[in-house]
Amino acid sequence: MRIVHYLNQFFGGIGGEEHAGHRPEVRPGPVGPGMALKAALGGTAEIVATVICGDSWFNENLEEAKATVLGLIRQHEPDLVVAGPAFNAGRYGMACGAVAQVVTEQLGIPVVTGMYPENPGVEVYRRYAWVVETGNSAAAMRTAIPAMAAIVKRLAAGLEPEPGTYLERGLRVNTFAAERGSARAVEMLVRKLKGEPFTTEYPMPSFDRVPPNPPVKDLSKAKIALVTSGGIVPKGNPDHIESSSASKYGKYYLGDVDDLTAETHQTAHGGYDPTYANADADRVLPVDVMRELEREGVIGKLHDYWYATVGNGTSVANARAYARAIAEDLKKYEVDAVILTST
Amino acid sequence: MVKEIERAGIPVVHVCTVVPISLTVGANRIVPAVAIPHPLGNPALPPDEERALRRRLVMKALRALTTPVDGQTVFE
């Protein structure tokens, strides 16, 4: 079996964040984690080539990236594609997922990857790949590689991977049951009426959606607040918000600020190249323009505080808790609307 | 975060680069941004043009906040 492996610039050995804009390239044979994968696969399959692309370039040029990476993969005529593992790296997970989608749709071959369950790539692309559950950082490489190799081996042997060894894909699979559907449904209903436990055959997906609020009626009278997950903080990061897996958010006074500069503000965010945000944090939190619009009367008022946390690797539960606290505060100040920026 | 602010009853617009994530998370008003490390800027532009770009994006975000929407809407 021939495998092409997809990696980002970091695991592909090109470099860190400063190379996240790296365009797709292909190298013969295994690279980086591909070495461990090769060892774990034994003689089952051969990694014939490795495609490497920068995480930012991939996500910022999604359609071109998918087409280019697909072209590079196709050249090597694989029977299977492995992507990552991406752990909890959001851009990397999204790239691995997009590769899985385009490979599945265009080449019709299976894709195996590994991600932390909260990686957005899981939610968006799970149906296109066999996604092994990994820990949230590269420290979990030791367990991720054997788990991915086990799935590759099953597929190479023409077998379905065992349920439980991958994250649920949201695909329906045909099976045969002894009783017909109506009988099973009635039995379930009777159990339910009796208060007995029963197992549904079709769990409803839990979409947690919030209906949109009515729009702002009159901007010129509205108080607008800025919130960001891009980590913009006063210079020196007084609250020590962590660059990854933030344990808090910050609330900062904006009343006397007209413009964010390299001398006064910075980002605390890891995971993306901070050069541009540190040089001019208005690129993430547009205070300069909001002040201008306030002076011109386009908006009523820019709220006197901004709120910031770091989205990098921060758990969904924590992000939810921070936003709830922020929203409470915004209501106290009678803020009418929010612009939330993300990197 | 967007969803919790929306849930609290405050209209919110999400300005972000990776729109598929915003859609998955459940933002209702979405404005696509420039790039991951500089969503509301472009360091390749001269300062005045960069600021004009930022103003356009913020205006688009404000327009999104004044537009009634039924469900998830991307303001291209």
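**Reading the helices of a predicted model**

Tutor: This is a predicted model.

Student: Which residues of α3(A) and α4(A) meet?

Tutor: From α3(A), L62(A), K66(A), V69(A), L70(A), I73(A) and R74(A) take part; from α4(A), the partners are A98(A), V99(A), V102(A), V103(A), Q106(A) and L107(A). By class, this contact holds nine nonpolar, one polar and two charged residues.

Student: Why is L72(A) called buried?

Tutor: L72(A), which lies in α3(A), has 20 C-beta neighbours inside 10 Å. The cut-off for buried is 20 or more, so L72(A) counts as buried.

Student: What does L72(A) touch, leaving out residues up to four places away in sequence?

Tutor: The contacts of L72(A) are P24(A), V26(A) and V51(A). Its C-alpha atom is 9.8 Å from that of I52(A), 20 residues apart along the chain.

Student: Which residues of α9(A) are buried, and what covers them?

Tutor: V287(A), D288(A), V289(A), M290(A) and L293(A) are the buried residues of α9(A). Their cover includes β7 and β11 of chain A together with α3 of chain B. Just after α9(A), G297(A) has a positive phi of about 85 degrees.

Note on methods. Residues numbered from 1 in each chain as written. Chains lettered and ligands numbered in written order. Predicted model: local features only at pLDDT ≥ 70, side-chain atom pairs only at ≥ 80, totals over all residues. Helix = DSSP H or I, 4+ residues; strand = E, 2+ residues; numbered from the N terminus. Buried ≥ 20, exposed ≤ 12 C-beta atoms within 10 Å, placed from the backbone. Contact = placed C-beta atoms within 7 Å. Nonpolar A, V, L, I, M, F, W, Y, C, P; charged D, E, K, R; others polar.
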